[in-house]
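Me: I want to learn how to read the features of a model like this one. Please take me through them one by one.

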Amino acid sequence: MATRTIVTEGDDVLLKKCRTVDKFNNRLFELLDDMADTLYESDGVGLAAPQVGVRRRVVVIDVGDENGLIELINPEITEKSEETVADMEGCLSFPGQWGIVERPLRVSAKAQNREGEWFEITGEGLLARCLCHEIDHLNGVVFKNLASHMLTPEEVEEMIKKQQEAAAKAQQEQDTDGGEDSR
(Lines give C-alpha, C1' and ligand atoms only; values in the text may rest on other atoms or scores of the structure.)
Protein backbone atom coordinates (compact mmCIF):
# COMPACT_ATOMS: atom_id res chain seq x y z
CA MET A 1 0.00 0.00 0.00
CA ALA A 2 1.20 3.48 -0.85
CA THR A 3 -0.03 7.00 -1.31
CA ARG A 4 -0.49 8.34 -4.81
CA THR A 5 -0.13 11.86 -6.12
CA ILE A 6 -3.42 13.73 -6.27
CA VAL A 7 -4.15 15.25 -9.67
CA THR A 8 -4.98 18.94 -9.45
CA GLU A 9 -6.85 21.54 -11.45
CA GLY A 10 -5.65 21.79 -15.04
CA ASP A 11 -5.19 18.05 -15.62
CA ASP A 12 -7.64 16.82 -18.29
CA VAL A 13 -8.22 13.48 -16.51
CA LEU A 14 -10.50 15.36 -14.08
CA LEU A 15 -12.84 16.31 -16.92
CA LYS A 16 -13.15 12.93 -18.64
CA LYS A 17 -15.68 10.18 -18.08
CA CYS A 18 -14.26 7.07 -16.44
CA ARG A 19 -14.44 3.53 -17.79
CA THR A 20 -16.34 0.71 -16.11
CA VAL A 21 -14.32 -1.73 -14.02
CA ASP A 22 -14.73 -5.26 -15.36
CA LYS A 23 -11.69 -6.99 -13.84
CA PHE A 24 -11.71 -7.56 -10.09
CA ASN A 25 -8.08 -8.47 -9.58
CA ASN A 26 -4.91 -7.53 -7.69
CA ARG A 27 -4.47 -4.32 -9.72
CA LEU A 28 -7.91 -3.15 -8.56
CA PHE A 29 -7.19 -4.18 -4.96
CA GLU A 30 -3.90 -2.25 -5.06
CA LEU A 31 -5.69 0.82 -6.45
CA LEU A 32 -8.34 0.64 -3.70
CA ASP A 33 -5.69 0.25 -0.98
CA ASP A 34 -3.57 3.09 -2.39
CA MET A 35 -6.62 5.35 -2.70
CA ALA A 36 -7.53 4.69 0.95
CA ASP A 37 -3.96 5.52 2.03
CA THR A 38 -4.03 8.68 -0.09
CA LEU A 39 -7.42 9.72 1.32
CA TYR A 40 -6.27 9.36 4.91
CA GLU A 41 -2.89 11.00 4.28
CA SER A 42 -4.69 13.98 2.71
CA ASP A 43 -7.30 14.30 5.50
CA GLY A 44 -10.08 14.02 2.92
CA VAL A 45 -13.50 12.40 3.14
CA GLY A 46 -13.71 11.08 -0.41
CA LEU A 47 -11.46 10.28 -3.36
CA ALA A 48 -12.28 9.15 -6.90
CA ALA A 49 -9.85 7.26 -9.15
CA PRO A 50 -9.43 10.11 -11.67
CA GLN A 51 -8.08 12.21 -8.78
CA VAL A 52 -5.07 9.88 -8.74
CA GLY A 53 -4.87 9.80 -12.55
CA VAL A 54 -6.82 6.57 -13.15
CA ARG A 55 -9.86 6.69 -15.45
CA ARG A 56 -11.81 3.91 -13.77
CA ARG A 57 -15.14 4.01 -11.90
CA VAL A 58 -13.69 3.59 -8.41
CA VAL A 59 -14.36 5.67 -5.28
CA VAL A 60 -13.35 5.51 -1.61
CA ILE A 61 -15.22 7.44 1.09
CA ASP A 62 -14.80 7.81 4.83
CA VAL A 63 -16.86 10.58 6.46
CA GLY A 64 -15.89 9.46 9.96
CA ASP A 65 -19.17 7.72 10.78
CA GLU A 66 -20.03 4.15 11.71
CA ASN A 67 -19.59 3.02 8.07
CA GLY A 68 -15.83 3.55 8.16
CA LEU A 69 -14.12 3.18 4.79
CA ILE A 70 -16.58 2.61 1.94
CA GLU A 71 -15.25 1.23 -1.34
CA LEU A 72 -17.50 1.74 -4.37
CA ILE A 73 -16.78 0.23 -7.76
CA ASN A 74 -18.98 1.20 -10.74
CA PRO A 75 -21.26 3.29 -8.48
CA GLU A 76 -24.48 4.86 -9.71
CA ILE A 77 -26.91 7.14 -7.91
CA THR A 78 -30.27 5.35 -7.89
CA GLU A 79 -32.37 7.82 -5.89
CA LYS A 80 -32.16 11.45 -4.77
CA SER A 81 -34.36 13.25 -2.27
CA GLU A 82 -36.25 16.26 -3.53
CA GLU A 83 -35.04 18.16 -0.48
CA THR A 84 -31.66 19.77 -1.11
CA VAL A 85 -29.05 21.61 0.92
CA ALA A 86 -26.69 24.33 -0.32
CA ASP A 87 -23.44 24.11 1.62
CA MET A 88 -19.72 24.73 1.46
CA GLU A 89 -17.82 22.15 -0.58
CA GLY A 90 -14.17 21.67 -1.45
CA CYS A 91 -12.06 19.07 -3.22
CA LEU A 92 -8.61 17.53 -2.80
CA SER A 93 -7.96 18.27 -6.50
CA PHE A 94 -8.70 21.97 -5.96
CA PRO A 95 -6.73 22.76 -2.80
CA GLY A 96 -7.73 25.93 -0.98
CA GLN A 97 -10.84 26.44 -3.11
CA TRP A 98 -14.36 26.28 -1.71
CA GLY A 99 -17.77 26.89 -3.20
CA ILE A 100 -21.44 26.71 -2.37
CA VAL A 101 -22.96 23.62 -4.01
CA GLU A 102 -26.56 22.48 -3.78
CA ARG A 103 -26.89 18.73 -3.29
CA PRO A 104 -29.72 16.34 -2.35
CA LEU A 105 -30.12 15.88 1.41
CA ARG A 106 -30.37 12.09 0.93
CA VAL A 107 -29.18 9.79 -1.85
CA SER A 108 -29.08 6.08 -2.54
CA ALA A 109 -26.51 4.43 -4.75
CA LYS A 110 -25.66 0.97 -5.96
CA ALA A 111 -22.10 -0.20 -6.45
CA GLN A 112 -19.90 -3.25 -6.44
CA ASN A 113 -17.47 -4.19 -3.69
CA ARG A 114 -13.94 -5.44 -4.34
CA GLU A 115 -15.28 -8.97 -4.89
CA GLY A 116 -17.65 -7.71 -7.59
CA GLU A 117 -20.80 -8.15 -5.50
CA TRP A 118 -23.48 -5.48 -5.86
CA PHE A 119 -24.70 -3.61 -2.79
CA GLU A 120 -26.76 -0.51 -2.01
CA ILE A 121 -25.93 2.38 0.25
CA THR A 122 -28.06 5.29 1.42
CA GLY A 123 -26.57 8.41 2.92
CA GLU A 124 -27.78 11.68 4.40
CA GLY A 125 -25.97 14.94 4.98
CA LEU A 126 -22.22 14.70 4.48
CA LEU A 127 -22.32 11.11 3.19
CA ALA A 128 -24.96 12.06 0.59
CA ARG A 129 -22.88 15.08 -0.46
CA CYS A 130 -19.77 12.95 -0.70
CA LEU A 131 -21.46 10.22 -2.75
CA CYS A 132 -22.69 12.84 -5.23
CA HIS A 133 -19.33 14.66 -5.35
CA GLU A 134 -17.26 11.53 -5.95
CA ILE A 135 -19.64 9.96 -8.48
CA ASP A 136 -19.65 13.30 -10.32
CA HIS A 137 -15.84 12.94 -10.61
CA LEU A 138 -16.36 9.63 -12.42
CA ASN A 139 -18.47 11.48 -15.00
CA GLY A 140 -15.94 14.27 -15.52
CA VAL A 141 -17.88 16.79 -13.41
CA VAL A 142 -16.05 18.82 -10.78
CA PHE A 143 -17.66 20.79 -7.95
CA LYS A 144 -16.57 24.13 -9.43
CA ASN A 145 -18.89 23.48 -12.38
CA LEU A 146 -21.81 23.14 -9.96
CA ALA A 147 -20.96 25.89 -7.48
CA SER A 148 -23.39 28.78 -7.32
CA HIS A 149 -20.67 30.89 -5.71
CA MET A 150 -16.94 30.36 -5.11
CA LEU A 151 -15.97 31.54 -1.64
CA THR A 152 -13.25 33.97 -0.64
CA PRO A 153 -10.92 32.91 2.20
CA GLU A 154 -12.77 35.33 4.49
CA GLU A 155 -16.14 33.77 3.62
CA VAL A 156 -14.74 30.28 4.29
CA GLU A 157 -13.46 31.41 7.68
CA GLU A 158 -16.83 32.94 8.56
CA MET A 159 -18.75 29.81 7.49
CA ILE A 160 -16.46 27.56 9.52
CA LYS A 161 -16.93 29.81 12.55
CA LYS A 162 -20.73 29.64 12.17
CA GLN A 163 -20.63 25.84 11.80
CA GLN A 164 -18.50 25.51 14.93
CA GLU A 165 -20.85 27.78 16.89
CA ALA A 166 -23.88 25.78 15.72
CA ALA A 167 -22.18 22.49 16.66
CA ALA A 168 -21.26 23.86 20.11
CA LYS A 169 -24.84 25.07 20.65
CA ALA A 170 -26.25 21.68 19.60
CA GLN A 171 -23.83 19.90 21.96
CA GLN A 172 -24.79 22.24 24.80
CA GLU A 173 -28.50 21.57 24.19
CA GLN A 174 -27.86 17.83 24.09
CA ASP A 175 -25.88 18.01 27.34
CA THR A 176 -28.69 20.01 28.98
CA ASP A 177 -31.43 17.63 27.79
CA GLY A 178 -29.44 14.56 28.75
CA GLY A 179 -28.61 15.86 32.22
CA GLU A 180 -32.17 16.36 33.41
CA ASP A 181 -33.82 13.83 35.65
CA SER A 182 -36.79 12.48 33.70
CA ARG A 183 -38.91 11.12 36.59
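Me: Which residues gather in a patch of negative charge on the surface?

Reply: First, the general idea. Patches are made of residues with over 30% relative accessible area and no salt bridge, with like charges joined within 9 Å and nonpolar side chains (Val, Leu, Ile, Met, Phe, Trp, Tyr) within 5 Å. Lys and Arg count as positive, Asp and Glu as negative, while His and the chain ends are not counted. Each charge is placed at NZ of Lys, CZ of Arg, CG of Asp or CD of Glu. Accessible areas come from the Shrake-Rupley method with a 1.4 Å probe, and for residues only the protein chains shown count as cover. In this structure, the patch consists of Glu154, Glu155, Glu157, Glu158 and Glu165.

Me: What should I know about the model and its numbering before going on?

Reply: This is a predicted model, where local features need pLDDT of at least 70, side-chain atom pairs count only at pLDDT 80 or more, and totals for chains, interfaces and linings use all residues. Residues are numbered from 1 along each chain as its sequence is written, and side-chain values use heavy atoms, with hydrogens and water left out.

Me: Where is Glu157 found, and is Glu157 buried or exposed?

Reply: Helices (H or I, at least four residues) and strands (E, at least two) are DSSP runs, numbered from the N terminus. Glu157 sits in helix H4, residues 153-179. Buried means under 20% relative accessible area, exposed over 50%, and partly exposed in between (1.4 Å probe, protein chains only). Glu157 has 61% relative accessibility, so Glu157 is exposed.

Me: How many salt bridges does the structure hold?

Reply: A salt bridge is a side-chain nitrogen of Lys or Arg within 4 Å of a carboxyl oxygen of Asp or Glu. The structure holds 8. Take Asp34 and Arg4, whose side chains meet at 3.0 Å, N to O. Asp34 lies in helix H1 and Arg4 in the segment before H1, so this pair ties together parts that are 30 residues apart in sequence. H1 spans 26-41. With 5% relative accessibility, Asp34 is buried. Arg4 is partly exposed, at 27%.

Me: What separates the C-alpha atoms of Arg4 and Gly53?

Reply: A distance of 9.0 Å, for two residues 49 apart along the chain.

Me: What parts of the chain does the salt bridge between Glu71 and Arg114 link?

Reply: The side chains of Glu71 and Arg114 meet at 2.8 Å, N to O. Glu71 is in strand S3 and Arg114 in the loop between S6 and strand S7 (118-124), distant parts of the chain that are 43 residues apart. Glu71 has 18% relative accessibility and is buried. Arg114 is buried too, with a relative accessible area of 19%.

Me: Which residues are linked in a network of salt bridges?

Reply: Glu89, Arg103, Arg129 and Asp136 are linked in this way.

Me: Backbone next. What is the phi of Asp43?

Reply: Asp43 is not a glycine, yet its phi is positive, about 55°. Asp43 lies in the loop between H1 and strand S1 (46-48). At 71% relative accessibility, Asp43 is exposed.

Me: And what of Asn74, where is Asn74 found?

Reply: Asn74 is part of strand S3. Its phi is also positive, near 55°, in a residue other than glycine. Asn74 is buried, with a relative accessible area of 6%.

Me: Last, is Pro50 buried or exposed?

Reply: Pro50 is buried, at 1% relative accessible area. Pro50 lies in the loop between S1 and S2. The C-alpha atoms of Pro50 and Lys17 are separated by 9.0 Å, with the two residues 33 apart along the chain.
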